[in-house]
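Open the model in your viewer and keep the selection tool at hand.

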There are 2 protein chains.
Amino acid sequence: MNIITISREFGSGGRELGKRIADALGYAYYDREIITAIAEKHEMNEHYVENVLENGFPTAFPISYGRTFSFTDVAGQHAIDLLSTQCTLLKELAARENCVIVGRSANVILEEYNPLNIFVYADLESKIKRCRERASENESLTDNEMKKKFKQIDAGRAKHQRFLSDAKWGDKSGYHMCINTSGLVIKNIAPVVADFAKHYFECI
Amino acid sequence: MNIITISREFGSGGRELGKRIADALGYAYYDREIITAIAEKHEMNEHYVENVLENGFPTAFPISYGRTFSFTDVAGQHAIDLLSTQCTLLKELAARENCVIVGRSANVILEEYNPLNIFVYADLESKIKRCRERASENESLTDNEMKKKFKQIDAGRAKHQRFLSDAKWGDKSGYHMCINTSGLVIKNIAPVVADFAKHYFECI
């Protein structure tokens, strides 16, 4: 199977790029569906599952986290169970069909499948602009609050990958291509990346 | 003018990629020609000029370095003069025609021209393989000697850029695209990168 993983800085347009690459190549696309599937399997609240998997392993747990009840001392076990389910699920997807997977440390979890690993990033100005365009009317963060949010989310992604691999999140040596989307139109670069993917899968 | 700069790890195939992109786009291509022009202007030995500009500013100077004669204490001045000529020359080229420039810290020297900056890299195994394929019969370095050579040359490039800019050589934030050529056929990815370049120049 041909697997493309997209790792991305928050606000860089990586998710849109992944979706468009999948469309261009006729591949399946997985992003939030993975969180939904994990939450269903564990009968947990999606938001809680996402929080644990996106932001690394929490040091403080909420008293209530969805449909299950648990004491604080088993919360660490929950985190490990969620990650284990994520690994199993990703491997099932990778064995089933050509696909693009956004986030979820799929680049390291699926290493044995020789995925094409892409990292998407952008400068701060572009990320703020992109987030403002997407934001709902009720969400009015200042630039500084946005920077803080970017930093926090990306730190969580890095922390998550660090738990799984020695390969540093965002270090170009762990990816086949890194794309800076600053000032670019995602729609227009998606076919270019799709072409690169085609070539990569011809070579391996 | 549309300017593409290629920075690259030694042995990653960046030079070939640059040449093929230039051919695909019908752009001029500059690489060694720049060293030749600087050497001619200063009436110096090309090898000496290259050594100073590629490996950063030497701490030990040869007694004789080409057609000129000089005392050691003016050698530092020479290095600055060479770099100054390089900057002037690169800016003349950038103002003259669409082009691809390989190395020479063109990415930072030509910042005001909004170049498309590409970084080319590869894993150690691929770089060794590529260098062995290109090497003459007389050149028989061991793997360890090759690694040492890669490290030394790349350190020189990084040092050179550090003299000109705060942007760290090889740090992806300073480039629009970073391409890992490990296991790839340069001839086949060149058209993809050329397409990316076309899109970039349409956007800026």
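Select A:T5 and A:N117: the bridge partner of A:T5 in β4(A) is A:N117. Now widen the selection to both strands, β1 (residues 3-8) and β4 (residues 116-121) of chain A. They pair in the parallel sense, over five bridges. Strands here are DSSP runs of E, at least two residues, and helices are runs of H or I, at least four residues, numbered from the N terminus. Two strands count as paired if DSSP finds at least two bridges between them.

This is a predicted model: local features need pLDDT of at least 70, side-chain atom pairs count only at pLDDT 80 or more, and totals for chains, interfaces and linings use all residues. Residues are numbered from 1 along each chain as its sequence is written, while chains are lettered from A and ligands numbered from 1 in the order in which they are written.

**The whole sheet**

Zoom out. The order is β2(A)-β3(A)-β1(A)-β4(A)-β5(A)-β5(B)-β4(B)-β1(B)-β3(B)-β2(B), an open sheet of 10 strands with mixed pairing.

**Where the chains meet**

Select residues 177-180 in both chains. β5(A) and β5(B) pair in the antiparallel sense over three bridges. A:I179 has B:M177 as its bridge partner, and A:M177 has B:I179.

Stay on β5(B). Which residues lie on each of its faces? B:M177 and B:I179 are on one side, B:C178 and B:N180 on the other, and all are buried (20 or more other C-beta atoms within 10 Å of their own, C-beta atoms being placed from the backbone). B:Y121 stands opposite B:N180.

**The contact**

Colour the contact residues. Chain A gives 20 residues and chain B gives 20 residues; contact means C-beta atoms, placed from the backbone, within 7 Å. On the side of chain A that touches chain B, α8(A) gives the most, with eight residues. Select α8 as 186-203.

**The axis**

Superpose the chains. A rotation of 180 degrees with 0.0 Å of shift along its axis places chain A on chain B, with an RMSD of 0.0 Å. The two copies are thus related as by a two-fold rotation axis. Finish on A:C178: in chain A, its C-alpha is the nearest to the axis, 2.5 Å from it.

Terms used:
Contact = placed C-beta atoms within 7 Å. Buried ≥ 20, exposed ≤ 12 C-beta atoms within 10 Å, placed from the backbone. Least-squares fit on C-alpha atoms with pLDDT ≥ 70 in both.
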